Amino acid sequence: MISPTQNPAVQDDPISVARRSYRAYVDKDRSAIEQLIAADFHFSSPLDNRLDRRTYFARCWPNSEWITDFKFVHLVRDGDRVFVTYEGGSKRGNGFRNTEILTVRDGKIIDVEVYFGWPIPHDAPAGSFKNPQS
């Protein structure tokens with residue numbers, strides 16, 4: 001009998017691929033993330049515009065050193081895309097909340113868009129807001 005982790009259909013499922021990519025960051029497992037990132041990969045965020053695979057590993061992978069965990073708030077598949085909202089833990093103190101859209105093809109991540117959220121705990125009190133000029 002083939003276990004779910006050995007089943008190619010499960011391994012290539014976009015949600016499974018997404019989960020394994022975040023686990024690689026927590027585990028500091030560069031080999032695992034390299035196996036999930038496609039050769040024609042691109043990464044975009046408010047700070048990065050379509051970084052290629054090589055630049056992504058040089059610029060983004062070092063962040064794995066301070067990431068301690070991810071708690072998924074939303075993990076939703078839409079075809080070959082996975083919409084992920086998470087709260088991340090950090091060795092640097094406060095956590096953070098982001099949303100990402102991962103596009104997966106044949107078990108490989110080909111594109112990531114990151115949208116930054118807010119720090120955890122939130123800077124503004126509940127029911128209030130943060131004054132951007134303060």
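Partly exposed describes a residue whose relative accessible area lies between the buried limit, under 20%, and the exposed limit, over 50%. The model shown in these views is predicted.

**View 1. The salt bridge between K130 and D123.** K130 pairs with D123 in a salt bridge. Their closest N and O atoms are 3.2 Å apart. D123 has a relative accessibility of 45%, so D123 counts as partly exposed. K130 is also partly exposed, at 49%.

**View 2. The salt bridge between R97 and E87.** The side chains of R97 and E87 form a salt bridge, with an N to O distance of 3.0 Å. R97 belongs to strand β5 (residues 95-105), while E87 belongs to strand β4 (residues 81-90). The pair therefore ties together parts that are ten residues apart in sequence. R97 is buried, its relative accessible area being 18%. That value falls in the buried class because the class covers areas under 20%. E87 is partly exposed, at 27% relative accessibility.

**View 3. The salt bridge between D69 and K71.** D69 and K71 meet through their side chains in a salt bridge. The N to O distance is 3.0 Å. D69 is partly exposed, with 24% relative accessibility. K71 has a relative accessible area of 52% and is exposed. The exposed class takes areas over 50%, which is why K71 belongs to it.

View 4. The structure contains nine salt bridges. Among them are the pairs K130 with D123, R97 with E87, and D69 with K71.

Conventions
Residues are numbered from 1 along each chain as its sequence is written. This is a predicted model: local features need pLDDT of at least 70, side-chain atom pairs count only at pLDDT 80 or more; totals for chains, interfaces and linings use all residues. Side-chain values use heavy atoms; hydrogens and water are left out. A salt bridge is a side-chain nitrogen of Lys or Arg within 4 Å of a carboxyl oxygen of Asp or Glu. Buried means under 20% relative accessible area, exposed over 50%, partly exposed in between (1.4 Å probe, protein chains only). Helices (H or I, at least four residues) and strands (E, at least two) are DSSP runs, numbered from the N terminus.
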